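Subject: Structure handover and notes

Dear colleague,

I am passing on the structure we spoke about, with my notes below it. Please look through the structure first and then read on.

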Amino acid sequence: MANNIIKMKKTAFILLLAVCSTISASAAGKKAVVASVLQLPEQEVAYNDGIAYLRMGNYQDAATKFSAAIAIDSTFAKAYYNRAVAQFNLESYNKAMSDVDNAIRLLGEKNTTDCHILKAKIYYGVGNISAAVDEINKALENDPNNSDALLDKAAILESTGKYTDAIEVFNQINFTKGGNALTYNELGNCYMAMGEDSKAFDCYTQSFKADSTNAIAKFNYATALWRIKKDTVNSIRLIDQLLEKDVTNSDYYTAKAFILSQAGKTDESIANFDTAIANNKNMASAYLGKGNTLYNQQKLDEALKEYNKAIDANTNYGDAYLNRAIVEEDMREFGKACDDLEKAAELGAKNAQEYYTKQCK
């Protein structure tokens with residue numbers, strides 16, 4: 001669940017130093033007229049157009065406009081920063097890093113909190129976790145209570161399995177800024193990963209209470225009702241509410257299918273797994289769940305096919321290797337079963353190492 005929402009995801013964020021107010025897409029045309037009347041410098045006109053494109057999510061055109069501003073004024077720090085934002089969203093990480101470094105050079109170290117946050121996102125994007133943490137710490141040296149920096153630091157710690165450290169940072173955010181749906185949700189994810197179900201459920205409940213309209217908060221609370229409290233009725237009720245607003249969401253159908261399967265409603269469960277797969281052919285967890293449902297009906301051949309599909313969709317899916325090994329063992333294909341158990345153990349699937357040691361050594 002942790003991947004459902006994480007602050008490190010790519011998002012368009014505008015430097016606070018930008019001399020412009022929020023502009024809607026519909027206002028972009030009017031902006032050029034105003035610029036002409038006020039006779040703004042040419043680089044400012046190009047920059048403001050870049051900001052408008054950035055807000056619309058048109059990153060390529062935004063980068064082009066910021067480049068035009070920089071061509072006129074090579075010391076335009078805000079243009080370098082926001083071009084870095086555009087390049088980051090285009091996943092041009094080297095170009096983004098070069099631009100943000102230029103922004104830092106021009107702004108001076110004390111005015112670069114947002115720049116260090118952006119550098120952390122870039123490093124995270126290329127998998128350099130230690131460098132990402134270093135940049136976040138630099139941002140926090142400039143602004144110790146910066147909520148964006150704290151959220152990013154907590155998210156990095158959470159994504160690398162340092163759940164206790166992440167919890168400490170999330171609690172710091174709650175203490176200084178007040179708890180919200182996001183921080184309570186991520187706290188719940190950390191506690192869930194640590195096996196502390198009761199604390200996880202409390203956090204998901206607080207997240208849902210903080211913002212019952214937030215889809216992620218509602219979804220995680222709904223799944224916690226099922227996983228932790230075994231309240232399938234209210235869990236399905238909340239998921240159905242989510243599906244009313246997002247009828248193609250494979251995560252929702254998959255979660256509902258798992259609940260129905262455990263409730264013994266096999267046909268409904270498989271129908272929901274099939275809908276999830278129809279909406280997302282790479283939904284590995286849906287193939288896994290469908291395989292589990294078929295296995296419980298002793299349809300071994302069909303279950304095996306679904307586990308194969310789960311592994312095709314995600315070759316690092318430890319639970320799929322583990323469950324396929326169980327089917328292979330039932331089919332007396334012990335060599336294949338041991339190979340899959342070994343792979344599942346390497347990937348950290350729960351109990352896989354124990355089964356491998358017991359069955360294969």
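In these notes, buried means under 20% relative accessible area, exposed means over 50%, and partly exposed means in between, with a 1.4 Å probe and protein chains only. This is a predicted model, in which local features need pLDDT of at least 70 and side-chain atom pairs count only at pLDDT 80 or more, whereas totals for chains, interfaces and linings use all residues. Residues are numbered from 1 along each chain as its sequence is written, and side-chain values use heavy atoms, with hydrogens and water left out.

I begin with the salt bridges. The structure holds 13 of them, a salt bridge being a side-chain nitrogen of Lys or Arg within 4 Å of a carboxyl oxygen of Asp or Glu. One of them pairs Lys 119 with Asp 101, with the closest N and O atoms 2.9 Å apart. Since Lys 119 belongs to helix α6 (residues 113-125) and Asp 101 to helix α5, this pair ties together parts that are 18 residues apart in sequence; helices here are DSSP runs (H or I, at least four residues), as strands are (E, at least two), numbered from the N terminus. Lys 119 is buried, with a relative accessible area of 10%, while Asp 101 is partly exposed at 33%.

Lys 119 also forms a salt bridge with Glu 135, where the closest N and O atoms are 3.7 Å apart. Glu 135 lies in helix α7 (residues 129-142) and Lys 119 in helix α6, so this pair ties together parts that are 16 residues apart in sequence. Glu 135 is buried, with a relative accessible area of 4%, and its side chain meets that of Lys 138 in a salt bridge (3.6 Å, N to O). Both Glu 135 and Lys 138 lie in helix α7, 3 residues apart, or about one turn of the helix, and Lys 138 is partly exposed at 35%. Through shared partners, salt bridges join Asp 101, Lys 119, Glu 135 and Lys 138 into one network.

Turning to the cysteines, a search of the whole structure finds 1 disulfide, that is, a pair of cysteine sulfur atoms within 2.5 Å. The disulfide joins Cys 338 to Cys 360, S to S 2.1 Å, and the link is left-handed, with -95° about the S-S bond. Cys 338 lies in helix α19 (residues 334-346) and Cys 360 in helix α20 (residues 352-360), so the pair ties together parts that are 22 residues apart in sequence.
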